[in-house]
Amino acid sequence: MTAAGTPIAVITGASSGIGAASARQLAEAGYHVVVTARRKDRIEALAAEITAAGGQATAYALDVTDRTAVDAFAAELGRFPSVKVLLNNAGGALGADPVATGDPAEWRQMYETNVIGTLHVTQALLPALTASGDGTVVVLSSTAGHATYEGGAGYVAAKHGAHVLAETLRLEIVGTPVRVIEIAPGMVKTEEFATTRFHGDTEKAAKVYAGVAEPLTADDVADTITWAVTRPSHVNVDLMVIRPRAQASNSKVHREL
């Protein structure tokens with residue numbers, strides 16, 4: 001159980017990468033982190049790691065695309081006294097084919113995870129966030145949600161959807177005690193993002209970062225998320241775009257080859 005008065009931060013997609021890094025940093029910032037993902041073994045290990053380091057963490061296996069499971073999760077959270085932060089991190093990219101040959105099933109899966117999954121969890125937890133008197137919804141989008149690039153239309157469409165969800169929610173709930181923050185990272189090198197996108201092809205995944213001296217890391221993005229969340233309650237970081245210095249746009253990257 002969480003200590004009395006400890007704020008709760010729920011993180012989706014916390015089994016690796018930015019989600020796991022954000023869980024560690026938010027725990028260090030004083031939150032009891034509820035880490036969720038489909039891979040139960042990963043989030044249980046993460047929760048144990050955070051607890052061993054002196055933080056507070058609870059693991060909960062969850063598929064954000066399953067609305068029944070999300071609603072059950074929200075009901076389970078009723079045992080916690082104060083849910084104040086929701087980090088919608090679950091998402092990801094699949095494939096890099098042009099529009100002419102893109103796989104509709106991959107497009108559908110990306111939309112279901114990045115947009116509908118975010119919708120499910122946000123709808124389910126918004127009452128608790130509002131009732132806390134000081135809630136924050138964070139949507140982790142991408143620079144892909146703000147500009148297009150060749151070979152990325154399916155992912156770009158999904159992240160544009162996530163961006164619009166955040167922007168519209170902010171308009172709709174203005175006047176309530178809930179902030180809506182969007183963090184849009186550019187090139188981030190994590191252990192799984194590109195490999196998953198290319199269906200386990202590590203050679204293709206490596207080419208994404210080839211010659212880039214210092215892509216962003218999961219910790220870089222987590223640091224940005226934690227900073228935004230821990231601003232004073234009246235300060236809303238509507239949108240923050242974060243890129244490595246070597247990346248000027250989605251398609252303009254300096255490579256030292």
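1. In this predicted model, helix α3 (residues 67–76) and helix α4 (residues 104–131) pack at about 30°, and their axes are 9 Å apart. The two helices are therefore roughly parallel to each other, and the crossing of α3 and α4 is right-handed. On the α3 side the contact consists of Arg67, Val70, Asp71, Phe73 and Ala74, which meet His120, Val121, Gln123, Ala124 and Leu125 of α4. Sorted by class, this contact holds six nonpolar, two polar and two charged residues.

2. Two aromatic pairs are counted in the model. In one of them, the ring centres of tyrosine 60 and phenylalanine 73 are 4.7 Å apart and the planes stand at 55°, so the pair is tilted; planes would have to be over 60 degrees apart to count as edge-to-face. The pair links distant parts of the chain, with tyrosine 60 in strand β3 (residues 56–61) and phenylalanine 73 in helix α3, 13 residues apart. The two partners can be set side by side for accessibility: tyrosine 60 is partly exposed at 23% relative accessibility, whereas phenylalanine 73 is buried at 2%.

3. Helix α4 also packs on helix α5 (residues 153–172), at an angle of about 20° and with the axes 7 Å apart. α4 and α5 are therefore roughly parallel to each other, and α4 passes α5 in a right-handed crossing. From α4 the contact takes in Trp107, Met110, Tyr111, Asn114, Val115, Thr118, Leu119, Thr122 and Leu126; from α5 it takes in Ala153, Gly154, Tyr155, Ala158, Lys159, Gly161, Ala162, Leu165 and Leu169. These residues divide into 12 nonpolar, five polar and one charged.

4. Methionine 110, in helix α4, is one of the residues of the contact with α5. Methionine 110 has a relative accessibility of 3% and counts as buried. Leaving aside neighbours within four places in sequence, methionine 110 is in contact with Gly92, Ala93, Leu94, Val115, Gly154, Tyr155 and Ala158. Among these, Gly154, Tyr155 and Ala158 are also listed on the α5 side of the helix contact. The C-alpha atoms of methionine 110 and tyrosine 155 are separated by 6.5 Å, although the residues are 45 apart along the chain.

5. Another helix pair is formed by α1 (residues 17–28) and α8 (residues 218–229), whose axes come within 8 Å and cross at roughly 50°. That angle makes α1 oblique to α8, and the crossing is right-handed. Gly17, Ile18, Ala21, Ser22, Gln25 and Leu26 of α1 make the contact with Ala218, Asp219, Val221, Ala222, Asp223, Ile225, Thr226 and Val229 of α8. By class, the contact of α1 with α8 has eight nonpolar, four polar and two charged residues.

6. Arginine 179 lies in strand β6 (residues 178–185). With a relative accessible area of 8%, arginine 179 is buried, the cut-off being under 20%. Not counting residues up to four places away in sequence, arginine 179 touches Gly135, Thr136, Val137, Ala228, Val229, Arg231, Pro232, Ser233, Val235 and Asn236. Val229 is also one of the α8 residues in the contact with α1. Glutamate 150 is 29 residues from arginine 179 in sequence, and the C-alpha atoms of the two are 33 Å apart in space.

7. Aspartate 134 sits in the loop between α4 and β5 (135–140). Aspartate 134 is partly exposed, with a relative accessible area of 25%. Apart from residues up to four places away in sequence, aspartate 134 touches Lys84, Leu129, Pro177 and Ser233. Ser233 is also among the residues touched by arginine 179. Aspartate 134 and histidine 234 are 100 residues apart in sequence, with a C-alpha to C-alpha distance of 9.4 Å.

8. The phi angle of histidine 199 is near 55°, a positive value in a residue other than glycine. At 55% relative accessibility, histidine 199 counts as exposed.

Definitions and conventions. Residues are numbered from 1 along each chain as its sequence is written. This is a predicted model: local features need pLDDT of at least 70, side-chain atom pairs count only at pLDDT 80 or more; totals for chains, interfaces and linings use all residues. Side-chain values use heavy atoms; hydrogens and water are left out. Axes are lines fitted to C-alpha atoms, for helices over the stretch in contact, and angles run from 0 to 180 degrees between N-to-C directions. Helices (H or I, at least four residues) and strands (E, at least two) are DSSP runs, numbered from the N terminus. Angles under 35 degrees count as roughly parallel, over 145 as roughly antiparallel, 65 to 115 as roughly perpendicular and the rest as oblique. A crossing is left-handed if the near helix is turned anticlockwise from the far one by less than a right angle, and right-handed if clockwise. Contact means heavy atoms within 4.5 Å. Ala, Val, Leu, Ile, Met, Phe, Trp, Tyr, Cys and Pro count as nonpolar, Asp, Glu, Lys and Arg as charged, and the others, Gly among them, as polar. Rings of Phe, Tyr and Trp (its six-membered ring) pair if their centres lie within 6.5 Å; planes under 30 degrees apart count as stacked, over 60 as edge-to-face and the rest as tilted. Buried means under 20% relative accessible area, exposed over 50%, partly exposed in between (1.4 Å probe, protein chains only).
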